[in-house]
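Visitor: I would like to be shown how the terms used for a protein model are applied. Please take them one at a time.

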Amino acid sequence: MPALSEELVASITKSVLDGFDEQIAYTQKLIRFGGQRGEESDVQGFVFQQLADRGYSPVKFDMEEQTLSQHIGAGKFSSKHSHAPVVVATHKPKAQHEQGKSLILNGHIDVVPLGPLDMWKDDPYSARIVGDKLYGRGAGDMRSGQAANLWALDALRRIGLQPASEVIFQSVPEEESTGNGTLMTHLKGYRADAALIPEPVQEQLVRANVGVLWFQVEVRGRPVHVRAMGTGVNAIDSCWKVVGTLRELEVDWNDRHADAQHFEDEKHPLNLNVAIVNAGDWASSVPAWCRIDCRIGIVPGVTAKSAADEIEKKVADFAKNDPYLKENPPKITWNGFFSEGYVLEPGSHAENTLRKAHKQSTGQELTNQTSTAYIDARVHSLYDKIPALVYGPISGDVHGFDEWVSIESLKRVTVTIALFIAEWCGVEKV
């Protein structure tokens with residue numbers, strides 16, 4: 001495709017700005033839906049209708065446990081797995097032969113838990129605006145990014161244009177816990193020449209990304225009345241011994257992979273997070289059980305299976321040398337992410353197109369970052385074998401209290417996405 005003319009760049013930029021107040025209002029609606037894990041059906045229904053109103057012929061489908069379980073990259077199902085639908089819509093160009101390249105616009109709709117509400121300054125789903133910041137759970141991660149995908153397409157329509165190639169819009173749950181929503185789109189056969197995911201990555205491009213494993217460790221104790229505490233076995237104490245050996249593995253992995261490509265400047269990229277602790281039944285009884293839920297990262301090139309095997313062996317070897325645990329070994333359950341990391345190889349046409357669009361929008365050169373968090377781009381990179389571009393707005397306190405996204409940054413990012421779509425896909429008259 002020929003480069004966009006200066007006049008068209010200016011026209012697209014103005015169109016984004018003209019519609020930006022409506023875009024912010026739309027983003028606020030997305031935030032105000034809320035919806036914790038498993039409660040995303042209402043907001044997905046809203047997104048579905050928005051896509052239908054625009055003529056994109058959306059469809060809904062489930063994350064099929066049996067189908068997913070046969071794929072190496074699927075997250076493990078648990079009782080907490082969301083049953084909200086995946087929503088996918090497709091723009092078809094008028095031209096019989098596409099004039100540009102096809103594109104997936106992907107964004108996750110799920111958000112993480114809120115924590116104690118009294119530690120928020122306001123209702124977590126208020127979507128209030130203070131200065132340059134739009135607040136609320138999901139404001140940054142990533143309902144603002146998903147809105148930007150749709151409103152970038154709207155900006156083209158506003159000036160009588162549309163992509164001259166196929167564009168697949170994906171709204172997925174389960175990105176925060178298994179990655180199964182986006183993986184299900186892959187298994188349903190949706191493909192394109194590139195994918196763009198506007199995660200809150202500070203207007204940078206993600207060059208490399210860790211893989212992630214979720215698992216639960218359960219230790220059983222020997223309950224007795226607290227007056228005879230020395231004759232029992234405290235499951236919490238025993239479980240914390242297991243945490244100690246997992247911390248040893250965490251140190252080992254970070255030392256072992258210190259020179260992994262694109263992770264050389266990360267001091268501690270592979271984080272073990274002991275995130276949830278449940279134990280015991282009664283304050284005057286030595287606890288008979290303890291369960292911890294953990295998350296750990298792995299560098300690209302390490303398989304989820306090999307990492308899981310290493311974790312299981314580490315815990316089993318430790319238990320063999322513990323007088324109680326050798327007779328009562330800890331149980332490990334894989335209950336979420338089971339994903340590998342990826343590297344975005346530099347120099348692709350898609351990346352160069354995004355770099356150009358970012359420069360046109362911001363006046364700055366696009367810089368890279370290495371992400372130590374999970375991102376669904378691994379599905380497109382590892383299994384679709386296409387450039388997966390993760391690029392999105394400046395935000396703060398993601399997964400924390402008073403999460404926010406920069407409004408001015410979101411504006412710049414939406415312009416970038418619109419310009420990228422126009423050059424990557426080409427444009428035709430509506």
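**Terms and values**

Guide: The buried residues of helix α3 are V43, Q44, F46, V47, Q50 and L51. This is a predicted model, in which local features need pLDDT of at least 70 and side-chain atom pairs count only at pLDDT 80 or more, while totals for chains, interfaces and linings use all residues. Residues are numbered from 1 along each chain as its sequence is written, and side-chain values use heavy atoms, with hydrogens and water left out.

Visitor: What do the buried residues of α3 pack against?

Guide: They pack against α2 (20–33), β2 (86–91), α5 (139–158) and β7 (167–172). Contact means heavy atoms within 4.5 Å.

Visitor: Why is V16 called buried?

Guide: Buried means under 20% relative accessible area, exposed over 50%, and partly exposed in between (1.4 Å probe, protein chains only). V16 has a relative accessible area of 2%, so V16 is buried. V16 sits in helix α1 (residues 6–18). Apart from neighbours within four places in sequence, V16 is in contact with A155, R158, K411, T414, V415 and A418.

Visitor: Are K385 and H399 buried, exposed or partly exposed?

Guide: K385 has a relative accessible area of 66%, so K385 is exposed. H399 is at 45%, and therefore counts as partly exposed. K385 lies in the loop between α10 (377–384) and β16 (388–390), and H399 in the loop between β17 (395–396) and β18 (404–406).

Visitor: What makes the phi of K385 worth a remark?

Guide: Phi of K385 is near 60°, a positive value in a residue other than glycine. Phi of H399 is near 70°, also positive in a residue other than glycine. Most residues other than glycine have a negative phi, and most peptide bonds are trans. A cis peptide bond joins D141 and M142, with omega about -15°.

Visitor: What makes a space a cavity and what makes it a pocket?

Guide: On a 1 Å grid over the protein atoms alone, a cavity is a set of points where a 1.4 Å probe fits but cannot get out; a pocket is an open set with protein on both sides within 12 Å along at least five of seven lines, and lining residues have an atom within 4 Å of a point. Grid points are joined across faces, edges and corners, and a volume is the space filled by probe spheres set on the points. The count comes to one cavity of 30 Å³ or more, and the largest cavity has a volume of about 40 Å³. The largest pocket holds about 1,400 Å³. Of its 48 lining residues, V112, E176, W214, F337 and H399 lie nearest the centre of the largest pocket.

Note on methods
Helices (H or I, at least four residues) and strands (E, at least two) are DSSP runs, numbered from the N terminus.
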